[in-house]
Amino acid sequence: MTSSHWLIILTLAVAALSIRIIGLFAGSKVRASKHSWVLEELPGLIVVSLIATSLSGQSVQMWMAAAVALAVAITTNHVIATMCLGVVAFAGLSLITG
């Protein structure tokens, strides 16, 4: 490898380490502030945003299966049950509607 390759590797390693260290300091500052509730809600918000963007432009069967999965998630609060019943609902709706 040439020296330019090693320079790129070193630069990326320093950048990755810097991002982690800055994240640790920023996270501790946010935890100590009045905005700490954001960290508690963040994982759920990320999952909802991923699901919402993946549902845009999908079929009616997909939306109905997502509604079934939402109902299961609300009633059971069980991830595996939600995934399984959502998949079963989509498969069943796809078989029914062809």
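The following paragraphs describe the fold of the protein chain and then look at its last helix and the residues around that helix.

The structure is a predicted model, in which local features need pLDDT of at least 70 and side-chain atom pairs count only at pLDDT 80 or more, while totals for chains, interfaces and linings use all residues. Residues are numbered from 1 along each chain as its sequence is written, and side-chain values use heavy atoms, with hydrogens and water left out.

The protein chain has 4 helices and 0 strands, where helices (H or I, at least four residues) and strands (E, at least two) are DSSP runs numbered from the N terminus. Read from that terminus, the order of elements is α-α-α-α. The radius of gyration of the protein chain is 22 Å, whereas a compact globule of 98 residues would have one near 13 Å; the radius is taken over C-alpha atoms, and the globule rule is 2.2 Å times the number of residues to the power 0.38. Along the principal axes, the C-alpha trace spans about 60 × 45 × 25 Å.

Helix H4 covers residues 79–97, 19 residues in total. From first C-alpha to last, H4 reaches 27 Å, close to the 27 Å expected at 1.5 Å a residue; the expected span is 1.5 Å times one less than the number of residues. Thr82, Gly86, Ala89 and Leu93 are the buried residues of H4. They lie on the same side of H4 because they cover an arc of only 65 degrees around the axis, the arc being that of the directions from the helix axis to the C-beta atoms. The buried residues of H4 pack against helix H3 (60–76), and the face turned away from them carries the exposed residues Val87, Val88 and Leu95.

Threonine 82 has a relative accessible area of 15%. Leaving aside neighbours within four places in sequence, threonine 82 is in contact (heavy atoms within 4.5 Å) with Ala69, Val72, Ala73 and Thr76. A polar atom of the threonine 82 side chain also lies 2.7 Å from the backbone oxygen of histidine 78. Glycine 86, in helix H4 as well, counts as buried at 14% relative accessibility. With residues up to four places away in sequence not counted, glycine 86 touches Ala65 and Ala69.

Asparagine 77 is found in the loop between H3 and H4, and counts as exposed at 70% relative accessibility. Its phi is near 55 degrees, a positive value in a residue other than glycine. For context, most residues other than glycine have a negative phi. In helix H3, valine 60 is likewise exposed, at 56% relative accessibility. The C-alpha atoms of valine 60 and serine 94 are separated by 9.8 Å, although the two residues are 34 residues apart along the chain.

Methods: Buried < 20%, exposed > 50% of the residue type's maximum accessible area, 1.4 Å probe, protein only. Polar contact = N/O pair within 3.5 Å; in protein donor to acceptor, adjacent residues only side chain to side chain.
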